[in-house]
Amino acid sequence: RTDPTTSTPKRTEMRRWWTTAFARVEVCWTRGWTVRRTNTGWAAQARDETKEEDRPRPTVKEQLRALYKMVHPDLFHQDPVAKAANESSFQLLQEYLSLSSEDEARHNSSLFNFSFYTKAEQGSRSRKVDISLPPPSRHGNTRREDENSYSLSTLKALSRLFERCGLNGDLQELQRETMDEWDSMPLAGFLPTAVELVRQQENNSRTPLFRENTVRTALFIGRRIRVSYAQNMVEMPAEERLKVLEKLAYALDCLPEANLGDLTIKLGDHSGIDKNGILWLRSGGRSVDFINAVTNANLELAHRHNAIRRDRLKLEKQIANNLGVASISAEQRLASEPSYLAFL
């Protein structure tokens, strides 16, 4: 229609629809609701204006019920490993709760190790959660309001378990407990809690240098390979060296048949085999470059040179013992020469 003031049945119907819609939105807002769009239209839901600190804290029973819904074995019928792990861990949790609710808890010094596979909802991907809790301690208060109350250390342990599984660990029972219970806790109940806290702090404070040493140790134990660095690698930050080591470990995993046992791999600025039987690899490459370098290297030559080096070191040690001196050695340019071995 060219004349917007012209009234038609369709326009009158649209005007009436918008008037009704705005009125309903205003009513929803004044009642503390919000209006949201759904697949089939519009719906009103209660508007949650409660501040985070004002919301009621969950109880242990509520969070245990929520945890059970996340780890129920029936959710993992297609994953037998996860189903068996959850059944075992949930039985262990029932034993843990049973011990913690007793007036005279049967103390044991071993930790309770749980491995839960959790699912937030049906059809979502599972997530494995490993956590160790100290054994439950006896309730410090002589008077207990109900049989399901727990000691402060047990509540803190359950709170950590809930948080690791993605639930709220800020429990009502923790709010009611006071720190005075630490004073009445026996030393046997306090020490396992302290040990677990220290262990968790150590796990969280693992530096790149620690992880770097772990990778080098794993290569030595698993493949009998020693890894050393040239000067350019020594001057790198630990994070950069760790990345190079992870690439090297991946490359060696792709070459399980490579005869690298008892050899030394030195990461530097070039690739090759020196007279001491050391396999040099260029540190700036990718994993595929490491694979190509190891595949194309003459490992038999490296083992021969390595055997000669071991014989030389053995002779040097034997002669040093016979002469009563600390050690015998030669400059690097002479140590690998056949004439030096004949001299020894």
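Which residues form a nonpolar patch on the surface?

1. Met14, Trp17 and Trp18 form that patch, with about 370 Å² of accessible area together; patches take residues with over 30% relative accessible area and no salt bridge, nonpolar side chains (Val, Leu, Ile, Met, Phe, Trp, Tyr) being joined within 5 Å and like charges within 9 Å. Areas come from the Shrake-Rupley method with a 1.4 Å probe, only the protein chains shown counting as cover for residues.

2. This is a predicted model, in which local features need pLDDT of at least 70 and side-chain atom pairs count only at pLDDT 80 or more, while totals for chains, interfaces and linings use all residues. Residues are numbered from 1 along each chain as its sequence is written, and side-chain values use heavy atoms, with hydrogens and water left out.

3. The structure holds eight salt bridges, each a side-chain nitrogen of Lys or Arg within 4 Å of a carboxyl oxygen of Asp or Glu. Glu212 pairs in this way with Arg241, the closest N and O atoms being 3.0 Å apart. Glu212 lies in helix α8 and Arg241 in helix α10 (residues 238–253), so the pair ties together parts that are 29 residues apart in sequence. Helices (H or I, at least four residues) are DSSP runs, numbered from the N terminus.

4. Both Glu212 and Arg241 are buried, that is, under 20% relative accessible area, where exposed is over 50% and partly exposed lies in between (1.4 Å probe, protein chains only).

5. Arg312 forms a salt bridge with Glu316, with 3.9 Å between the closest N and O atoms. Arg312 is buried at 10% relative accessibility, and Glu316 is buried at 8%.

Note on methods. Helices (H or I, at least four residues) and strands (E, at least two) are DSSP runs, numbered from the N terminus.
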